[in-house]
Amino acid sequence: MPTLHTVNKSPFERTAFGSCLKHLAAGDAVLVLEDGVVGLRKATAFAGDLDAVSGDHKLYALGPDLDARGLKPDDLVSGVTVVDYGGFVDLVAEHDRTQAWL
Amino acid sequence: MKFAVLINEGPYTHQASDSAYHFTKACLDKGHDVFRVFFYNDGVNNGTRLTVPPQDDRNLQKNWTELAEKHDLDMVVCIAAAQRRGILDENEARRQGKDADNIAPGFRISGLGQLVEAGIAADRLVVFGD
C-alpha cells in the first residue's frame, strides 16, 4: 500500500522534509515541489539524509518548479527523476494515497 | 480515475494555489475526473471576483473560473472560512445584511461536509497548502 509523499517547503526553512524522510514505509515515494526542490541540491547539509533513503525510495522533483528556481537536474543529488504536472498526476494515480507534508 | 483537490492557501500568498490549479488542469487534460475542488481556510480567497492583478501577472481567480466553465468543475468554498474572510454569494450577503456579494463565477459556498464527501467519493484526495 505505497504512499506518495509530497513536500513543498525547503528543509532549510522547515523540518517537514526531514520528518517525511523518517516516516517513509516500504514502497513509498517522495515528490518534491515548490520551494521543496531546493532541498534536493547536492552537497548540502541535507544531501546525506536524501542519500540515506534514495536507495530504497524513489525521489521525484517537479520540473517547472526547478526551472523557476534556476535549478538543473545536474544540480541535484543523484537518483532524482524530474516530472511535469502530468507526471505528478500519474504518480498520484499510481500510489494508493497522497500525503502532503504541509 | 476520480480525483479531489483541497486548497488551504490563498492566491498570491505563496505557490499552493498555482500548484493546485496546474495539477487540477493536468488531471482534466489527462482525461481523469475531478469530483470536486474544495477551498478551505485562506484558500477561499481564490473565489472572489473582485481581484485585479496586474495585466502581465496570472489571474488565478479567472483561471479557476475558466477551468470550471470548460470542464463543468465543482468548486466549493467552505462557508465558515468564507464568512470570516468576506467571501459572500448573493444569498449569504442578504442573510448577513451586507450590501454586496463577491463570489466569482464557477464557485459555490457550502459546508465542510462537501470535503468529507469528496474524500469518500474520490479515489485520490490531493492537498495543497502552505
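Which elements of chain A make a right-handed β-α-β unit? The unit is built from β3(A), helix α3 (residues 63–68) of chain A and β4(A). A crossover is called right-handed if, with the strands pointing away from the viewer, the path from the first strand over the helix to the second runs clockwise. The structure is a predicted model, in which local features need pLDDT of at least 70 and side-chain atom pairs count only at pLDDT 80 or more, while totals for chains, interfaces and linings use all residues. Residues are numbered from 1 along each chain as its sequence is written, and chains are lettered from A and ligands numbered from 1 in the order in which they are written.

Chain A has 4 helices and 5 strands, and from the N terminus its elements follow the order β-α-β-α-β-α-β-α-β. Helices (H or I, at least four residues) and strands (E, at least two) are DSSP runs, numbered from the N terminus. Strand β3 (residues 58–62) and strand β4 (residues 80–83) of chain A pair in the parallel sense over 4 bridges, where pairing calls for at least two bridges found by DSSP between the strands. Within this pair, Tyr60(A) has Thr81(A) in β4(A) as its bridge partner.

The C-alpha atoms of chain A fill a box of roughly 35 × 25 × 25 Å along the principal axes. Of its 102 residues, 36% count as buried; a residue is buried if 20 or more other C-beta atoms, placed from the backbone, lie within 10 Å of its own, exposed if 12 or fewer, and partly exposed in between.

Chain B comes to 5 helices and 5 strands, arranged from the N terminus as β-α-β-α-β-α-α-β-α-β. Its radius of gyration of 14 Å is close to the 14 Å from the globule rule for 130 residues, so chain B is as compact as a globular protein of that length. In chain B, 44% of the 130 residues count as buried.

Most residues other than glycine have a negative phi. Glu34(A), however, has a positive phi near 45°; it sits in the loop between β2 (29–32) and α2 (47–54) of chain A and counts as buried because it has 22 C-beta neighbours inside 10 Å. Tyr12(B) likewise has a positive phi, of about 65°, and is found in the loop between β1 (2–7) and α1 of chain B. With 15 C-beta neighbours inside 10 Å, Tyr12(B) counts as partly exposed.

Turning to strand β5 of chain B, Leu125(B) lies in this strand and is buried, with 21 other C-beta atoms within 10 Å. Setting aside residues up to four places away in sequence, Leu125(B) touches Ala4(B), Leu6(B), Ala118(B) and Gly119(B), contact being defined by C-beta atoms, placed from the backbone, that lie within 7 Å.

Finally, the two chains meet through 14 residues of chain B and 12 residues of chain A. On the chain B side, α1 (16–29) and β5 (124–128) each supply at least two residues, and the largest share, 5 residues, comes from α1(B).

Conventions
The radius of gyration is taken over C-alpha atoms; the globule rule is 2.2 Å times the number of residues to the power 0.38.
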